[in-house]
Amino acid sequence: MKYRIKDAYEPLNQHSTIRSTIQEYIESAGSDFFDFNALRGFGKGIIPTEILNQDPVIKQILDNTPCNMGGMVFHMNPWTCYEWHCDGIRDCAINMLIKGQGHTYFGNKINKYLHQIDELVYEPNQLYLFNTTVEHTIINEHQERWMLSIGFDKSEESLDYHELHAMCQSLGLV
Ligand SMILES: [Fe+2]
């Protein structure tokens with residue numbers, strides 16, 4: 001039986017309508033789209049709000065979250081993986097896989113050497129609430145991976161995962 005970590009992630013009950021629009025936007029922007037941070041080695045690029053607002057579900061969420069940081073797409077090279085980590089500047093996010101796949105794991109640390117893991121398997125066009133305060137890692141395989149991530153600023157009017165979940169529940173999205 002699959003091991004589940006409570007309050008780590010949850011799919012929304014409606015699909016996104018803009019996955020291919022985002023992919024086409026990135027492809028048309030070419031190599032300039034991703035900014036590769038020399039320190040961390042992964043790329044990120046910004047998706048304009050006008051594109052995000054074409055998706056009725058995302059628009060509803062953005063309209064109800066003044067602390068949203070907009071849409072970023074994270075780029076990951078084939079055959080790379082992240083360290084186990086919690087995000088520094090945000091407590092939660094809404095994610096959707098744009099291209100590629102890879103393996104995303106949440107983990108409960110058992111000891112210095114072991115985590116008990118729960119895999120988030122991204123389904124096409126599916127939006128997920130993602131608790132970035134739970135330790136997670138990504139192991140990417142042979143494809144380049146593009147992940148849309150809408151984060152929520154930790155500063156004033158911030159949202160944690162439970163508040164984001166409650167807000168989505170009030171909109172009938174979970
Ligand atoms: Fe992360």
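**View 1. Strands S5 and S10 run side by side.** Strand S5 (residues 90-99) pairs with S10 in the antiparallel sense over seven bridges; strands are DSSP runs of E with at least two residues, helices are runs of H or I with at least four, and both are numbered from the N terminus. Two strands pair if DSSP finds at least two bridges between them. In S10, Asp 153 is the bridge partner of Arg 90. Please note that this is a predicted model: local features need pLDDT of at least 70, side-chain atom pairs count only at pLDDT 80 or more, and totals for chains, interfaces and linings use all residues. Residues are numbered from 1 along each chain as its sequence is written.

**View 2. S10 also pairs with strand S4 (residues 68-76).** Seven bridges join S4 and S10 in the antiparallel sense, and Asn 68 has Phe 152 as its bridge partner in S10. Of the nine residues in S10 (residues 145-153), eight are buried, meaning that 20 or more other C-beta atoms, placed from the backbone, lie within 10 Å of the residue's own.

**View 3. Here is the largest nonpolar core, with 32 residues.** Such a core is a set of buried Ala, Val, Leu, Ile, Met, Phe, Trp, Tyr and Cys residues joined through C-beta atoms within 7 Å. Among the members that touch the most others are Val 73, Cys 92 and Ile 94. S5 gives the largest share, six residues.

**View 4. Three strands form an open sheet in the order S7-S6-S9.** The pairing is antiparallel. Strands S7 (115-120) and S9 (136-139) stand at the edges with a single partner strand each, so one side of each is left without a neighbour in the sheet.

Technical notes: Buried ≥ 20, exposed ≤ 12 C-beta atoms within 10 Å, placed from the backbone.
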